[in-house]
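Please open the structure in your viewer and keep the selection panel at hand.

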Amino acid sequence: MFLLWRRDVLSVHEVLWGALILRLIYLPLGPGLTDDLFRYIWDGWLQWEGINPYRFVPSHADLDSFQHTELYQKLNSKEYYSVYPPLSQLLFAFGGGFYDGGWTTPYYVLKILFAGIEFSGVALLARLTSARNVLLYSWNPLVLIEAAGQGHTETLLVALLLGAVWAVQRRRAELASLAIAGAGLVKIYPFALGPFLLRRFGWRAVWPGAFLVGGLCLPYIAPYTLPHMKASADLFAKLFEFNAGPYYAVKHVLWAWTGADWSKTIGPLFRGVFLTLLPVLYTLDAWRGWSFRRACLLLIGTLFVFSTTVHPWYLLPLIALGVMGPRPSWPWLWLGVCSIGTYLFYIEGPYWIWVGAGWGGAGLIFMIQRYGTELRRRVRRRYRTEGSSAAD
C-alpha cells in the first residue's frame with residue numbers, strides 16, 4: 001500500500017475497484033477478533049420483542065427467557081447497560097429482525113449493511129482527496145479488518161464524518177448539521193464537533209441536527225435511559241483499559257513513584273482534562289481559522305490521546321480524516337497498523353511491544369513532522385543567507 005502511494009500509479013477508479021474487491025474478500029470472516037456484533041444483535045432482538053435496549057442489563061432476571069440461548073453466552077459485558085446511541089440501535093433492530101434463534105444470519109446482514117455504508121464513505125472520500133490518499137484509507141489493512149472483516153459501528157461514523165466535511169466544503173450547513181448529529185447518534189463524542197459548525201454557519205447548523213436527534217431518540221426515551229447509559233460509560237472509563245499509550249505511561253510512572261495503582265483515578269481525570277481542553281480547541285479553531293477537517297481531526301485525536309481504551313477500530317475515523325490533508329497524518333496511520341498487533345493480547349501474545357511501538361512511533365513521527373520541517377526551513381534560510389553574503 002505504501003509503495004503504491006509513493007509511486008502514485010493507480011487511478012481513482014482502480015483504487016475504488018480494489019477497495020470494493022478487498023471488502024468482498026473480507027466479508028466472509030467470522031467473529032474471530034471481537035464479540036461486539038453479538039451485542040448489536042442482542043439489542044436488535046430485544047427491540048423486536050418490544051423491550052427498550054437501555055432498560056436491562058443482559059443478565060437481569062427479567063430477561064431469563066432470553067438467556068438460554070447461544071447468543072447470550074457469546075455476549076460480552078453482560079452486567080453492563082447498552083451504551084450504543086439511537087441511530088446505532090435502529091440499525092441493530094434491522095439486523096435483529098433476521099434473528100431466528102441463530103446468530104449467523106443477522107451477523108452477516110449487519111456486516112453487509114455496515115460495509116456498504118462504509119464503502120459509500122470511501123466513494124465520497126474519492127471526491128475529497130487524491131486517489132493516492134484514498135488508497136491509504138481504503139486499502140488499509142486495519143480498515144479492512146474492522147469494517148468488512150469484523151463490522152464495527154465506526155464504519156457508520158466514517159461515512160457520516162466524511163459527509164460532514166463534504167457538506168462544509170460546499171457550504172451546505174443543513175446537511176453538515178444532519179451528518180454531525182447522525183454521527184453523534186452512532187457514537188456520542190461527535191456531538192463535541194457541533195461548535196465548529198456553529199462558528200461557521202451560525203444557528204443554521206443547529207436546528208436540522210436538533211430535529212434529527214429529537215426524532216431518532218423519541219422511541220427510546222424513558223426515565224432510565226440516560227442514567228443507565230451514563231452508568232455504563234462511567235464504569236467503562238474507570239475499569240477498562242486497552243492500547244492507551246499516554247494512560248499507561250502515567251499509570252506506570254505513578255506506580256513506580258508511589259507503589260499504588262492509580263488506574264481508577266487516572267481514567268476520570270483524563271476525561272476531565274479532555275473536557276477542559278474543548279474550549280481551548282474551539283478558541284484555536286476561531287483564532288487560527290482551521291479547516292473543518294483539521295478541527296475534527298484534532299478534537300478526535302485529543303479524545304483518544306486522553307482515553308483509557310483505544311481499541312483498533314476506534315482509529316478508523318482518524319485514519320479517514322487524516323489522509324485528506326496536504327500530507328497524510330502518518331502518526332495515526334502508523335498507530336493504526338501497529339494496533340492490529342494488540343489483538344495478540346487475547347491469546348497472551350506480545351501485546352506490550354505493539355502498544356509501545358504504536359504510540360512511541362506515532363509520537364516520534366509527530367515530532368519529526370512538526371519540528372523536522374521547521375528545522376529544514378531554518379537550514380535552507382541560513383544557506384540562502386550565507387549564499388547571498390558570499391555573492392556580495
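A residue is called buried when its relative accessible area is under 20%. The model on display is a predicted one.

**First stop: two tryptophans in a helix**

Select Trp42 and Trp45; both residues are buried. They belong to helix α3, which covers residues 36-48, and they lie three residues apart, about one turn of the helix. Turn the view until both rings can be seen. Trp42 and Trp45 form an edge-to-face aromatic pair, with 5.8 Å from centre to centre and 85° between the planes. In the whole structure, a search finds 35 aromatic pairs.

**Second stop: helices α2 and α6**

Next, select residues 12-26, which form helix α2, and residues 104-125, which form helix α6. The axes of α2 and α6 come within 11 Å and cross at roughly 165°. Angles over 145 degrees count as roughly antiparallel, and α2 and α6 are therefore roughly antiparallel to each other. Their crossing is right-handed. To see the contact, display Leu16, Ala19, Leu20, Arg23 and Tyr26 on α2, together with Lys111, Glu118, Phe119, Val122 and Ala123 on α6. Of the residues in this contact between α2 and α6, seven are nonpolar, three are charged and none is polar.

Now select helix α11, residues 194-201, and helix α15, residues 263-288. Their axes come within 10 Å and cross at roughly 30°, which makes α11 roughly parallel to α15. The crossing of α11 with α15 is right-handed. On α11, the contact is made by Pro195, Phe196, Arg199 and Arg200; on α15, by Leu281, Tyr282, Asp285 and Ala286. The residues of the contact of α11 with α15 comprise five nonpolar and three charged ones, with no polar residue.

Select His311, which lies in the loop between α16 (292-305) and α17 (316-322). Is His311 buried or exposed? His311 has a relative accessible area of 12%, so this residue is buried. Apart from neighbours within four places in sequence, His311 is in contact with Phe242 and Tyr346.

Note on methods: Residues numbered from 1 in each chain as written. Predicted model: local features only at pLDDT ≥ 70, side-chain atom pairs only at ≥ 80, totals over all residues. Heavy atoms only, no water. Axes fitted to C-alpha atoms, helices over the stretch in contact; angles between N-to-C directions. Helix = DSSP H or I, 4+ residues; strand = E, 2+ residues; numbered from the N terminus. Parallel < 35°, antiparallel > 145°, perpendicular 65-115°, else oblique. Left-handed = near helix turned anticlockwise from the far one by under 90°. Contact = heavy atoms within 4.5 Å. Nonpolar A, V, L, I, M, F, W, Y, C, P; charged D, E, K, R; others polar. Phe/Tyr/Trp six-rings, centres within 6.5 Å; stacked < 30°, edge-to-face > 60°. Buried < 20%, exposed > 50% of the residue type's maximum accessible area, 1.4 Å probe, protein only.
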